[in-house]
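My notes follow in the order I made them.

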Amino acid sequence: MVSVSLRPTAPSSDVVIRAIRTSDALDEDTVPFDALGFRQEAGQTLVTSSPAGTKAPVTVFVAVDDEASDEDLRRAVAAGLRAAPPVRHAVVEFGALEPHQLTAVAEGAVLTAYRFDRYRGAEAREKAAQKPQLSEVSIVASEARKSEAKSAVERGVAVAEAVCQARDWVNTPPGDLRPADFAAQIEAAAAKGVTVAVWDEKRLAKEKCGGILSVGRGSEAPPRLVTLTYSPSKATKHLALVGKGITFDSGGLSLKPGASMQTMKCDMGGAAAIVAAVNAIATLGLPIRVTAYACLAENMPSGTATRPGDVITMRNGKTVEVLNTDAEGRMVLGDGLSLATEAEPDHIVDVATLTGAALTALGQRTAAILGSDEYFEERVFAASREAGEDMWRLPITDEVVSALKSSQIADLRQISSKPYGGTLFAAAFLREFTGDVSWAHLDIAGPAFNDGGAYDYTPNGGTGAGVRTLVQIASTLA
């Protein structure tokens, strides 16, 4: 993990990332910007030998809008670091920054420096070792309000490191992160102040968690439910988080096509997000009580697997007619949401790579927000914007609610009879398990995994989607 520090003046380094505002007058005598094609368009970079007096051989200039948002600053840091040659130590000079801007810069640096190379062979590791790997970033900031600035950078690092933890889990091959393995890793990674309890398949049966058990029935690796609790003494609000943790999704007996399984190690991205967020909230010492439920199962086909046509009794007593075993996420979340509701929190947020329909509606980089409380949904949306994560609100309509309750033999249908509005139907299903508690659902099926090239501070593979928004929600409520 890259080390990030705050410095009053620029130390000697391998490269300087320097911001130029789009309205700044350029000193052509120092650097021939015009001749080098630098037009001061936001996001544009210029790599050049450093001007005299700079304590680094290379400078990367990054154009930044005068009214740059925090997200603009994250992306500007990323642009500068990606444009720089391979280095070990980079200095970021973005001028006078407010604390929230320092937080964004620190986040951008840590998220851009992320690497996942533990499965590379010896030859690849040796080749990589021959190139400098970024290990230190110094952010230059004024001595004024030093303690406030230091806290702002520490917050950015804590949140970004939590995102990177979630990325690591999503990127881990599914054979190495089966439900019991994931539960053990969650226990090992728990931050100070976070307590962890794990329910195995016997306890799940005793607690009548039929949804989780039904999904895990086809696998030789039994399911788990992991509960994380953070209860600071000054907390006045209680936030519950629920995460879908399907460590591999074959589709069960409703088997996916082979190509569709290739990225299904990411189907536990929701559970990774809530666990990482709780750890970040505890590390930051936010005065809010948080209880998180990571619902872990492996969805596999076998002679013991749940069949289309089966009826499952969920934790809250409602019965569900299973019609497609590839719609398994809502089954595990139903039990998790029931448990969260029983704890009587002020709000519940669940996070899940739930529906392909969310990608159809919003694309690969935008998550969907749905829920039972319009005011809270707006707060979640505002938190996502503050955190720099693209999300958009969608409705739960009367049409999908009617379809949900159209089963002839059970309380609820698991999937709609029509191939439309899949994201809305899934959210309507989940709402049946939230009682009267204020609840929001984040469908991160699109942004949880990037199967294209890296961009901005987002790498190929697991992205850690949802973590920053959850921490921001907790901060706002606290």
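I looked up Val 198 first: its bridge partner in β8 is Val 226. Six bridges join β7 to β8 (residues 224–230), and the two strands run antiparallel. I took strands (E, at least two residues) and helices (H or I, at least four residues) as DSSP runs, numbered from the N terminus, and counted two strands as paired if DSSP finds at least two bridges between them.

A note on the source: this is a predicted model, in which local features need pLDDT of at least 70 and side-chain atom pairs count only at pLDDT 80 or more, while totals for chains, interfaces and linings use all residues. Residues are numbered from 1 along each chain as its sequence is written, and side-chain values use heavy atoms, with hydrogens and water left out.

Next I traced the sheet. It is open and mixed, with eight strands in the order β7-β8-β10-β9-β13-β17-β14-β15. β7 (194–199) and β15 (391–393) are the edges; each has a single partner strand, so one side of each has no neighbour in the sheet.

I then checked α5 (residues 179–189), which lies across β7, β8, β9 (238–249) and β10 (289–299); contact here means heavy atoms within 4.5 Å. Pro 179, Phe 182, Ala 183 and Ile 186 of α5 are buried (under 20% relative accessible area; exposed is over 50%, partly exposed in between, with a 1.4 Å probe and protein chains only). Seen down the axis of α5, the buried residues fall within an arc of 100°, so they line one face of the helix. That arc is taken over the directions from the helix axis to the C-beta atoms. Their cover includes α4 (146–171) and α9 (269–284).

Last, I searched for salt bridges (a side-chain nitrogen of Lys or Arg within 4 Å of a carboxyl oxygen of Asp or Glu) and found 24 in the whole structure. Which residues does Lys 244 pair with? One is Asp 267, at 2.9 Å from N to O; Asp 267 sits in the loop between α8 (258–261) and α9, and Lys 244 in β9, 23 residues apart. The other entry I noted is Glu 328, at 3.3 Å. Glu 328 lies in the loop between β12 (319–321) and α10 (329–342), so its pair with Lys 244 ties together parts 84 residues apart in sequence. Lys 244 counts as buried at 3% relative accessibility, and Glu 328 is buried at 2%.

Terms used:
Axes are lines fitted to C-alpha atoms, for helices over the stretch in contact, and angles run from 0 to 180 degrees between N-to-C directions.
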